[in-house]
Each structure stands twice: as C-alpha cells, then as structure tokens.
Amino acid sequence: MNTEVLERPEQAQSPAHAAATVRERAPAPSRSAEVPAAQPQIWFDGKFITADAPEAPLTTHAMHYGTAVFEGIRSYATADGGAAVFRLPEHLERMRKGADMFGIEFDIERAGRAVLDTLRANGHRDAYIRPLTWMGTGTIGLDVDPLTQHLMVATMAKVVHLGGARTRLTVSPWKRNPATSLPPLKLSGAYVNSILAKREAKQRGFDEALFTDDKGYVVECTGANVFMVKNGEVTSVEHRDALPGITRDTMIALSGAASREVTLHELLDADEVFVCGTAAEACAISVLDRREFGDNPVTRELAALYAQVVRGQDGRYAHWLTAV
C-alpha cells in the first residue's frame with residue numbers, strides 16, 4: 001500500500017456533538033461472541049490490514065520525532081453477555097486535543113467507529129485498545145505542515161501495564177516533563193520520559209517509578225495517577241504536570257476523593273497508596289522505597305466497585321459505557 005495516497009480524515013464535528021454521536025450510534029451488545037480473525041486485524045486509514053503488515057515507510061516523521069498522539073482505552077465483557085468500551089468519548093476528546101497540537105485533523109466520530117469495528121473484527125470483548133494518529137511522510141525536517149496524516153486502531157486481549165497487581169514503587173531520579181515544556185497529553189514523544197524512569201526503576205528491582213517535582217510534591221507515575229488513603233479519607237494527587245487521567249476522574253467520582261497537591265512526606269505517611277490508569281486499573285502499592293504498606297481495604301473496595309462499573313453491573317454509571 002502506498003502511504004502517500006491513503007485516505008485523509010473527514011472534517012471533524014464539534015467535540016460535544018461527536019462525543020454524543022459515538023454513544024448514540026453504538027449498536028446493541030451482541031449476545032454471541034464473534035469469531036476472532038485468523039490474524040489480529042488493525043484498522044488503518046479506513047481499511048483493515050493484518051497486524052504484521054509493513055505499512056509505515058522508514059522516513060515516517062513520527063518514527064524520527066515522536067510526532068504522534070495515542071490513547072489507551074479498555075473494553076470489557078459486560079454482565080448482559082455483550083461488551084462495552086469504557087468512557088470512549090472522553091478518551092477520544094483528549095486524543096483530539098493532542099492531535100490539535102500537531103495540526104492533525106481528528107474526527108472523533110470516525111475514530112469511535114473505527115474502535116468498535118476493530119473490536120468486532122478481532123472478536124475481542126476484554127481488550128486493551130490503542131488508537132494512534134501520526135505524521136507520516138513529506139519532509140524529514142521539523143515543519144509538520146507538509147506531512148501526510150494517518151490513523152490506526154489496534155486491539156489486544158492482554159494487559160499491558162501493571163493490571164491491578166500490588167506494585168513496588170520507587171521515587172525516580174528523573175523529573176516529569178513540565179507542563180510549561182510539554183502539555184500533559186498523550187503525545188508519543190513525551191513518553192520517552194516515562195520509559196527512562198520505568199527502566200531505571202526496574203533496574204533497581206522495583207515495578208514502577210514515581211515522579212516528584214523539585215519542591216517535593218508528588219506528580220504521577222510513568223503511566224498512572226496517584227491516590228492516598230489516610231484515616232479512611234481518599235485523596236487524589238493533583239499536579240499541573242500530571243496527565244488529567246480519565247481513570248483518575250472515575251476514581252474521584254466513585255470515592256468522593258478530595259483533589260489537591262500532596263507531598264512525598266504525606267504519601268510515605270499514608271495508610272494506603274494506590275495508582276490508577278486505564279491499563280493499570282487500580283493497583284495497591286505494597287512498597288514505596290523503604291516504606292512498606294500493609295493491608296489495603298479501601299483500595300480493594302474501590303477496585304471491586306470499579307470492576308462492577310466497567311462491566312455494566314452498576315446502572316448508575318451506564319452512561320460511561322459504549323456498547324460494542
């Protein structure tokens with residue numbers, strides 16, 4: 001396939017209208033699982049290709065400079081026998097904001113249809129979903145205006161990050177990209193920061209790294225937001241350099257957590273610490289450097305409630321689900 005002549009996205013609708021359309025146009029959940037494709041299928045600029053198909057030239061701009069935007073989204077098998085994507089419009093709206101940074105045309109409704117179509121093509125119910133939009137070919141310089149623009153969606157029936165397991169955490173010697181340098185969105189190149197921090201943490205025997213700022217305030221982990229529990233009260237860490245997580249927003253709604261700046265000293269003094277994200281879900285922290293945490297009853301309760309919500313077992317939050 002010649003990537004120079006691939007289909008370009010249509011004109012985007014307003015975010016509010018498009019987000020609503022994603023929900024309204026979702027068909028009723030299927031009561032019978034679809035037969036998975038022989039090879040995983042990826043939606044690529046309007047058509048399906050096999051996951052191992054070579055489609056990006058070596059001069060792809062995003063490969064050289066990280067000029068791409070992605071989201072991590074989850075779908076879940078639901079209690080009624082179908083499947084649903086959790087908070088799909090919110091994820092795609094955040095992705096649109098990232099695409100705007102590069103001048104990428106991003107149609108929320110089109111991307112939403114691509115997500116649902118890919119899940120069906122692969123026969124996936126419990127799945128991790130990775131949409132990616134990126135700058136292609138046209139120049140190897142730093143001016144992105146002449147470049148082609150592309151969109152893909154992949155779905156994977158596996159956990160890619162932490163996945164709810166009790167986690168050993170360490171404070172990273174690296175600092176998070178400041179929001180004054182890079183916006184806290186899911187820009188692909190920005191995640192080199194997370195990769196370096198996580199790699200260093202694992203070399204020292206930990207599972208995950210915690211970013212703090214120069215003043216000793218907690219920022220976030222490499223791919224998850226941070227919460228603490230003290231005397232039964234749940235607090236969500238707030239920091240301008242942290243990604244405004246959709247799972248974080250969900251956990252605040254489910255727990256009634258206060259949201260504020262938190263120092264590392266406060267975190268070490270907490271009764272429980274947990275981190276959350278789309279891939280991570282809710283992960284209790286067992287160790288933060290030399291501080292060991294014991295039982296985590298509040299985290300377990302919230303994790304159980306979250307599992308009910310994403311699988312459609314709590315009707316109060318049905319509006320967060322988009323049927324596959």
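Which residue's side chain meets that of K230 in a salt bridge? D271 does, at 4.0 Å from N to O, where a salt bridge means a side-chain nitrogen of Lys or Arg within 4 Å of a carboxyl oxygen of Asp or Glu. Keep in mind that this is a predicted model, so local features need pLDDT of at least 70, side-chain atom pairs count only at pLDDT 80 or more, and totals for chains, interfaces and linings use all residues. Residues are numbered from 1 along each chain as its sequence is written, and side-chain values use heavy atoms, with hydrogens and water left out.

**The whole chain**

- The chain has 8 helices and 17 strands; these are DSSP runs numbered from the N terminus, with helices being H or I over at least four residues and strands being E over at least two.
- Of its 324 residues, 52% count as buried, which means under 20% relative accessible area, while exposed is over 50% and partly exposed is in between (1.4 Å probe, protein chains only).
- Take contacts between residues at least 6 apart in sequence: 71% of them join residues at least 24 apart, a contact being heavy atoms within 4.5 Å.

**Salt bridges**

- Searching the whole structure turns up 18 salt bridges.
- Back to the opening pair: K230 sits in strand β11 (residues 225-230) and D271 in the loop between α7 (264-268) and β14 (272-277), 41 residues apart.
- K230 counts as partly exposed because its relative accessible area is 29%, and D271 is partly exposed too, at 35%.
- E281 is buried at 19% relative accessible area, and R74 is buried at 13%.
- R87 bridges to D249, with the closest N and O atoms 2.9 Å apart.
- R87 lies in the loop between β5 (83-86) and α3 (88-102) and D249 is in helix α6, so this pair ties together parts 162 residues apart in sequence.
- R87 is buried at 7% relative accessibility, whereas D249 is partly exposed at 38%.
- E90 joins in as well: R87, E90 and D249 are linked in a network of salt bridges.

**Aromatic rings**

- The count comes to 6 aromatic pairs, a pair being rings of Phe, Tyr and Trp (its six-membered ring) with centres within 6.5 Å; planes under 30 degrees apart are stacked, over 60 edge-to-face, and the rest tilted.
- F44 and W134 are stacked, at 5.8 Å centre to centre with 5 degrees between the planes.
- That pair reaches across the chain, from F44 in strand β1 (residues 41-44) to W134 in strand β6 (residues 127-135), 90 residues apart, and both F44 and W134 are buried.
- F70 and Y191 go edge-to-face instead, 5.0 Å centre to centre and 70 degrees between the planes.
- F70 belongs to strand β3 (residues 68-70) and Y191 to the loop between β8 (167-171) and α5 (192-203), 121 residues apart; F70 and Y191 are both buried.
- One aromatic cluster is made up of F86, Y306, Y317 and W320.

**Cysteines**

- The whole structure has 0 disulfides, a disulfide being two cysteine sulfur atoms within 2.5 Å.
- For C221, the nearest cysteine sulfur is that of C283, 9.4 Å away, and C221 is buried with a relative accessible area of 0%.
- For C283, the nearest cysteine sulfur belongs to C276, 8.9 Å away; C283 is buried as well, at 0% relative accessibility.

- Helix α6 (residues 246-255) has the buried residues I246, T247, R248, T250, M251 and L254.
- Just after α6, G256 takes a positive phi of about 70 degrees.
- P146 is in the loop between β6 and β7 (149-156) and is partly exposed at 47% relative accessibility.
- Leaving aside neighbours within four places in sequence, P146 is in contact with T137, G138 and T139.
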